[in-house]
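Biologist: I am new to this one. Please walk me through it.

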Amino acid sequence: MKNFCLIGSILTMTAACSSIGEIGKPPSFTPAMETQEHAAMFNPGLPLRVEDSRLLDNASLWSGTRQSLLGDRRAIQRGDILTVVIDVDEKAEISNATGRSRSGSENLGIPNLAGFPQRLDNRLPDGASSADLVGINSTSSSSGDGSVKRKEKLTLRVAATVVDVLPNGVLSIAGTQELRVNFELRELLVSGYVRPADISRQNEITYDKIASARVSYGGRGQITDVQQPRYGQQILDAVLPF
């Protein structure tokens with residue numbers, strides 16, 4: 001118990017110190033040098049093909065390079081950038097109702113059993129009889145109602161970077177975006193896997209074509225901090241059984 005209290009105190013003090021350090025200051029941005037996007041751009045993958053510069057004419061519009069006028073500029077290798085279009089407008093409604101009822105009745109009597117019921121009746125109090133030895137009645141009923149309503153709408157555009165190219169050619173992408181207004185920082189994170197064939201000629205891809213898509217839209221700052229319960233309250237909510 002002492003160790004638990006000590007660990008809780010250390011965590012609380014650490015969290016409090018991190019919050020105290022931001023008093024009077026806007027939330028700081030995440031350093032761009034520490035993101036996996038920077039690592040992918042700084043260490044690009046191997047080129048898909050080696051071109052002989054002697055066979056290319058820099059003045060030609062029909063060269064096979066990506067820098068030409070009609071070249072394909074879609075993201076295809078590590079370090080390339082593409083635009084992720086997130087347009088979520090979903091609505092779901094589910095309603096269930098169940099009902100069940102059951103009733104049963106059982107009666108058991110032994111009117112004649114070698115004269116035993118008659119002898120037993122003589123010893124029973126007045127009005128009692130062994131004609132119906134056992135009588136059971138049961139009734140049960142249950143009902144339930146449930147409904148779920150959800151509506152979500154989110155429209156965003158964010159630039160993502162190809163951080164890896166899998167052996168089967170699928171691209172692993174990740175994108176981050178941070179926007180600070182006064183003392184509130186809005187964060188947008190997106191990651192997943194896309195096929196090069198699903199990338200449009202405008203070098204864009206919609207969220208519904210991203211496998212294992214992970215989209216996070218949130219923020220941190222003074223307003224977000226006020227909306228969250230205090231650390232002590234969170235600890236008590238996790239520890240107290242009632």
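Biologist: Is Glu 204 buried, partly exposed or exposed?

Modeller: This is a predicted model, where local features need pLDDT of at least 70, side-chain atom pairs count only at pLDDT 80 or more, and totals for chains, interfaces and linings use all residues. Residues are numbered from 1 along each chain as its sequence is written, and side-chain values use heavy atoms, leaving out hydrogens and water. Buried means under 20% relative accessible area, exposed over 50%, and partly exposed in between (1.4 Å probe, protein chains only). Glu 204 has 25% relative accessibility, so Glu 204 is partly exposed.

Biologist: Which residue forms a salt bridge with Glu 204?

Modeller: A salt bridge puts a side-chain nitrogen of Lys or Arg within 4 Å of a carboxyl oxygen of Asp or Glu. Here the closest N and O atoms are 2.5 Å apart, and the partner is Arg 157.
The pair links distant parts of the chain: Glu 204 is in strand β5 (residues 204-206), Arg 157 in strand β2 (residues 134-165), 47 residues apart. Strands (E, at least two residues) are DSSP runs, numbered from the N terminus. At 48% relative accessibility, Arg 157 is partly exposed. The partner of Glu 204 is Arg 157.

Biologist: How many residues apart in sequence are the parts that Glu 187 and Arg 220 tie together?

Modeller: Their side chains meet in a salt bridge (2.7 Å, N to O). Glu 187 lies in strand β4 and Arg 220 in strand β6, so the parts tied together are 33 residues apart.

Biologist: Is Ser 172 buried or exposed?

Modeller: Ser 172 sits in strand β3 (residues 171-181). Its relative accessibility is 13%, so Ser 172 counts as buried.

How values were computed
Helices (H or I, at least four residues) and strands (E, at least two) are DSSP runs, numbered from the N terminus.
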